[in-house]
Amino acid sequence: MPADRDGSPASPAGRHPLRNLWRLRHYLRPYAAEFSWLMLAGLAATGAGISVPLVAQRVVDGPVARQEPAGLVRLAGLALLLGLVEALLIFVRRWVQSSSSMAIEAAIRDDVYAHLQRLAPSFHDRWQSGQLLSRITSDLSVIRRFLSFGLFFLVLNLVTYLVVVALLIRLHTVLGLVVAGSAIPLFVITRRFARAYHTASRRMQDQQGDVATLVEETAQGLRTMKAYGRGPELTARFATSARTLHDTGVGKGRLLARTSAKLDLVPNLVLGLVLVAGAAAAARGALSIGELVAFISLQLMLTWPVQGLGWIIANGQEAATAADRVREVLDTPPAILDAPHAVTLTRAEVTGRLRFEGVTFRYPGTARAVLRGIDLTVEPGETLALVGATGCGKSTLLSLVPRLHDVTEGRVTLDGHDLRDLRLSSLRRVVGVAFEEPTLFSMSVWENLTLGRPEATEEEVRATLALAQADFAYDLPWGLATRVGEQGLSLSGGQRQRLALARAVLSRPALLVLDDPLSALDVHTEALVEAALKRVLGDTTALLVVHRPSTIALADRVALLDAGRIVAVGTHSELLAGVPAYRAVLSAEPPPPVSAAGPAPDGRGLVRS
Ligand SMILES: Nc1ncnc2c1ncn2[C@@H]1O[C@H](COP(=O)(O)OP(=O)(O)OP(=O)(O)O)[C@@H](O)[C@H]1O
């Protein structure tokens with residue numbers, strides 16, 4: 001089921017189980033010619049294989065019955081040739097098969113990854129990373145296996161079955177119809193199996209995602225886990241999940257085993273019946289010995305198509321559930337998109353006037369508004385600090401500027417343009433952001449720094465690193481080429497923060513949005529970064545979340561946020577002098593009650609609650 005807009009994982013709906021697999025068919029299109037050749041090679045090999053019993057019939061009824069060694073050699077040679085052709089065609093098919101199915105898997109994976117990037121943070125908040133990981137790895141492998149083997153053998157085995165049954169009916173109508181009739185129990189068995197296996201596959205693939213999530217969480221939170229000595233509990237939790245996955249896997253395996261046994265039984269029972277009835281017919285002269293040999297040989301050729309049916313259906317059902325899971329991601333429409341009329345804003349034309357007009361924001365799926373009726377203006381070149389108690393909505397307010405979320409009500413404008421009317425790419429080019437939790441990617445320091453501006457020169461990078469007091473990067477083992485581990489964990493919190501700050505500044509934004517950018521720095525480094533940052537902030541509009549009084553000195557004005565509302569705006573000294581709630585937030589004083597119904601700030605002058 002398609003998820004809500006950037007919503008949570010959807011459960012499988014009661015639609016046709018193969019629908020989502022069928023919807024992936026366009027990935028096959030570029031390889032249609034290759035697949036046709038494959039199918040032709042497969043059918044030709046099967047044709048060669050089917051011809052061998054018919055040659056055997058001629059051998060038995062002809063040269064063997066008449067005792068003509070010369071004819072025997074000719075027909076034996078033909079049978080050998082058919083065997084060789086079959087082997088060659090099987091080799092050709094397998095050779096071609098692997099490359100196209102790998103290419104299809106890679107194409108789907110690229111699309112899922114690109115789509116994940118388009119989805120808003122709210123999508124990623126709701127989905128467990130392990131569930132995404134398992135979709136993009138194991139589910140796609142399952143689909144590949146079906147495309148390269150399951151689908152192919154489904155068609156090939158079906159054609160083999162129909163052709164062989166037709167030949168059997170031609171050889172002996174009654175016995176041929178008995179064999180054809182065995183399709184009825186086979187149909188009933190496979191239908192029941194397909195339903196049960198579909199459910200079990202979905203359960204198992206979801207559980208694989210849960211296990212992947214646990215592993216990922218453990219790897220990320222290893223230090224916290226060790227520090228709290230929670231290893232045994234986590235191990236127990238993991239063991240429970242792994243056990244559940246194991247049990248589901250065993251259940252699935254047993255279901256397949258039971259079905260395979262039934263699928264084995266049906267053709268063997270029919271074979272026994274045919275042997276007895278065929279021998280009787282041969283004794284009566286209604287069937288020649290050669291025809292009986294050909295009949296039995298052809299019937300034996302049905303053993304694999306019937307036995308393989310269980311495996312093919314299992315493979316198909318796994319692929320169908322994998323397709324459901326992949327489509328759940330692909331069908332989630334990105335919540336934040338370019339409007340059709342969106343305009344591009346260049347860095348040069350931005351003056352940097354940022355306005356929040358009656359902004360209310362509610363996180364998707366929640367009832368409570370985190371921001372309510374925000375009216376605030378940041379003038380071009382001005383630095384505005386946002387101050388407020390923890391959890392009051394500061395980071396949320398900042399996230400509206402690069403449109404990580406869209407407002408629920410009201411609007412945010414840049415130079416008078418509603419942000420939703422700007423091209424996302426151009427908006428994000430003019431806005432530089434450093435989050436509270438600085439994320440560094442597992443790439444080199446240089447690549448991390450130039451993420452927002454790949455064309456930056458060495459000189460610019462050097463100057464920015466100096467500004468952010470991040471020259472330590474040159475002392476890393478390979479300087480700026482040093483790969484800074486997953487999430488930059490090989491660096492200290494303060495080092496990561498300085499690199500993230502340098503990255504935000506390097507993109508030369510018209511609007512700088514910094515979420516508590518100096519929180520992890522020691523007092524000495526903080527003073528140095530502040531001094532340098534002051535120069536940068538001189539010609540950029542900036543919105544900063546700050547907690548420490550010393551950092552507030554960077555700001556021209558301060559806005560006090562309380563429970564999602566702006567309750568006062570003014571200079572630091574004005575607020576200190578006139579707003580007790582502001583003093584309380586910056587000191588250890590208990591906060592005085594702030595009336596939510598107080599006068600609405602105009603976003604410019606001092607407003608008291
Ligand atoms: N993705 C989310 N989904 C739902 N609620 C959220 C989400 N992120 C934050 N919140 C809630 O929104 C409120 C404001 O969070 P926010 O991070 O903006 O506060 P903050 O003022 O920046 O806090 P801090 O100073 O501790 O960083 C909190 O109550 C938080 O629980």
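Guide: Two strands are called paired if DSSP finds at least two bridges between them; the strands (E, at least two residues) and helices (H or I, at least four) are DSSP runs numbered from the N terminus. The model is predicted, so local features need pLDDT of at least 70 and side-chain atom pairs count only at pLDDT 80 or more, while totals for chains, interfaces and linings use all residues. Residue numbers start from 1 along each chain as its sequence is written.

S5 pairs with strand S4 (residues 409–414) over two bridges, in the antiparallel sense. Opposite Asp 418 in S5 stands Thr 413.

For the rest, take helix H6 (residues 173–181). Leu 175, Gly 176 and Val 179 are its buried residues, buried meaning 20 or more other C-beta atoms within 10 Å of a residue's own, exposed 12 or fewer, and partly exposed in between, with C-beta atoms placed from the backbone. Viewed down the axis of H6, these buried residues fall within an arc of 100 degrees, so they line one face of the helix; the arc is taken from the directions from the helix axis to the C-beta atoms. The face turned away from that buried side holds the exposed residues Thr 173, Val 174, Leu 177 and Gly 181.
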